[in-house]
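Here are my notes on this model. Please read them with the structure open.

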2 protein chains.
Amino acid sequence: MRVRSEEAQEVAEALLAAAGTPAPHSRIQAETLVSAEMRGHPSHGLLRLPRLLERIDKGLIDPQASGDMHWLRPSELRVDGLRGLGPVIAFNAIEQLISRAADTGIAFAAISNANHLGMLSVYVEAVAEQGKICIAVSTSEALVHPYGGTQAMLGTNPIAIGVPTSNAPFVLDLATSVVSMGKIHDHALRGAALKDGWALDEDGNPTTDAERAKKGSIAPFGDAKGYGLGLAIELLVGGLVGSAFAPDVRGTLDADNVSNKGDLFIVIDPIGGAQQFTRISQYLDAVRSSRPAHPTCPVLTPGDRARHRRHCASEHGFDVNDALWADLRSRINPSSLQSMQELQS
Amino acid sequence: MRVRSEEAQEVAEALLAAAGTPAPHSRIQAETLVSAEMRGHPSHGLLRLPRLLERIDKGLIDPQASGDMHWLRPSELRVDGLRGLGPVIAFNAIEQLISRAADTGIAFAAISNANHLGMLSVYVEAVAEQGKICIAVSTSEALVHPYGGTQAMLGTNPIAIGVPTSNAPFVLDLATSVVSMGKIHDHALRGAALKDGWALDEDGNPTTDAERAKKGSIAPFGDAKGYGLGLAIELLVGGLVGSAFAPDVRGTLDADNVSNKGDLFIVIDPIGGAQQFTRISQYLDAVRSSRPAHPTCPVLTPGDRARHRRHCASEHGFDVNDALWADLRSRINPSSLQSMQELQS
């Protein structure tokens, strides 16, 4: 089903509002989900909405919470998310970091007790669009095995880095697993075989069977190096936020537990202004126009593909799983919609 | 040739002193080289010393310089290395960061105009031993091709992360290339074939010929993700330090140019004290004792292997290339040595 982004935004906002979410919070949470769809990452999109609503319904998410923030030291913001929606808490923290970094040069936020943030690229891009550099890392349930190991001991531990340029920001966003758990689930649904090297089964043996992989573990990306980076992120977040380490993390995927993972944002204010941004853009353009491996596939830099997809999606909409879209529409309470007559047709 | 670390330290100090390096600077530079040898990374060890001496001789390194440091903002240290020895400038900056982070929570140093730092693990480990978290990144000459590209456009751009624990620190140190240029040179010397996927030749074609690879480019580690991380480091350093981007970097490998790469250090002061460090150690121990892929090879965490090697090296010394050691010894001016009678024997 092809859906326009405005339509998806309205449906998501309406459902969140009907669950008791204040309008500004519904807007931010819905935008984060729709933005993931537009970037071509449905695993972080509308698919998450039924689970979010269920978590609100069960009191695992407090949709009213804006987070309790205080500056412990001049460049250190401690954030208790008070079980709030991840994007609401994170954007509140980021706003403070941007302002503080302008004064001190750099500032970080250690966020506990917030719900799932969705794609980190959304945040670092927003910061970069305001002329600041942002590094974001987050933890999750244990899904990834160590290099040389066979048990899930690490989260998929994404890192995102946004850097302002004189054009669109540089936006890197990567999980430190070779593939996302969402992709494993997607293969399981379609009955498709996994690639060699992606996953191990429960007993620690290599498997291409997605159903077995779901009970097992995913490989880190890039062998020992990717494992090391994922573990460093685990320690940075767990160590600075004081949140749980992967084997004890709950509540980012399930509907039974309060979320106890952590999130860490670092914002840095670059000097040099427009001239510096131009220099960065020129270097990125040189990389893009360097000799490609395949003549018809120019070299890309992180964020290029997602930006292209988003542009297409804003003009032509994006595909949503039929059953998911039907489910979401069936939940709509007509009285909670004001400007959505077209959905009732 | 097996060499004791004390002996290597004395030889390196003596040669640096003879080139006009003040004693404290000789000690720091020599320790950094010897520490790399002891960790099992001779590519960053004594091999570098003849080139360092040549650069001092040519005025490309000022061995007296301690760097010009000023706090531009409360958490931002700007460092002009004044062509000083990399380790001297970096340790001076780090000392200030550690003290400042205790007040502000986090602080960073943007270092320009310093010479090659050697292994970044040395620095992040020193910071972690003082109870602080450290993230270090650095740039270099263009040696790495983009994912999907065939020309060297990025440096090998290492990242190191040190985290204090209740035992030895967690120390991650990785180049964002799949293999170091040092390893390519080593294969060239031995006439050994490179592994598939490591390198491209000058024309952008895959090669296992180390001589051809030296004129070509190395692959990023971990495909698109490692490329993205390497590029992010390029932008973080170039953007925050204002130093050259890889295609314009000179002076970390050659004997003809002032070094114009940049270095970036971020130091964060964790809260939670001993209890927090214990929690981190317990998690790392759980990872180490998780089920290994091969029963006789327990799971390691970053820094474990280097620590083991260093322990062995401190007891039994380490191997140095015969020709290199003979060269270094032949340069020694006996009058500059006081406690090295054994070397004259």
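1. Terms first. Helices (H or I, at least four residues) and strands (E, at least two) are DSSP runs, numbered from the N terminus. This is a predicted model, in which local features need pLDDT of at least 70, side-chain atom pairs count only at pLDDT 80 or more, and totals for chains, interfaces and linings use all residues. Residues are numbered from 1 along each chain as its sequence is written, chains are lettered from A and ligands numbered from 1 in the order in which they are written, and side-chain values use heavy atoms, with hydrogens and water left out.

2. Asn157(A) sits in the loop between strand 5 and strand 6 of chain A. Its phi is near 30 degrees, a positive value in a residue other than glycine. Most residues other than glycine have a negative phi. Asn157(A) counts as buried because its relative accessible area is 0% (buried means under 20%, exposed over 50%, partly exposed in between; 1.4 Å probe, protein chains only).

3. Asn113(A) also deserves a look. Phi is positive here too, near 65 degrees, and the residue is not glycine. Asn113(A) belongs to strand 4 (residues 106–114) of chain A. At 23% relative accessibility, Asn113(A) is partly exposed.

4. Strand 5 (residues 133–138) of chain A is mostly covered, with six of its six residues buried. In a regular strand the side chains alternate between the two faces of the sheet. Which residues cover each side of strand 5 of chain A? Ile133(A), Ile135(A) and Val137(A) lie on one side, and Cys134(A), Ala136(A) and Ser138(A) on the other; all are buried.

5. Now the partners of that strand. Strands pair if DSSP finds at least two bridges between them. Strand 5 of chain A pairs antiparallel with strand 11 (residues 262–268) of chain A over six bridges. There, Ser138(A) has Asp263(A) as its bridge partner. Four bridges join strand 5 to strand 6 (residues 159–163) of chain A, again antiparallel. In strand 6 of chain A, Gly162(A) is the bridge partner of Cys134(A).

6. Chain B has an open antiparallel sheet of three strands, in the order 9-8-10. Strand 9 (206–207) and strand 10 (217–218) of chain B are its edges, each pairing on one side only. Strand 8 (residues 199–200) of chain B meets strand 9 through two bridges. Leu200(B) is bridged to Pro206(B) in strand 9 of chain B.

7. Check Gln276(B), in helix 9 (residues 273–288) of chain B. Gln276(B) is buried, at 7% relative accessibility. Beyond its neighbours within four places in sequence, Gln276(B) is in contact (heavy atoms within 4.5 Å) with Gly238(A), Gly239(A), Leu240(A), Gly242(A) and Ile271(B).
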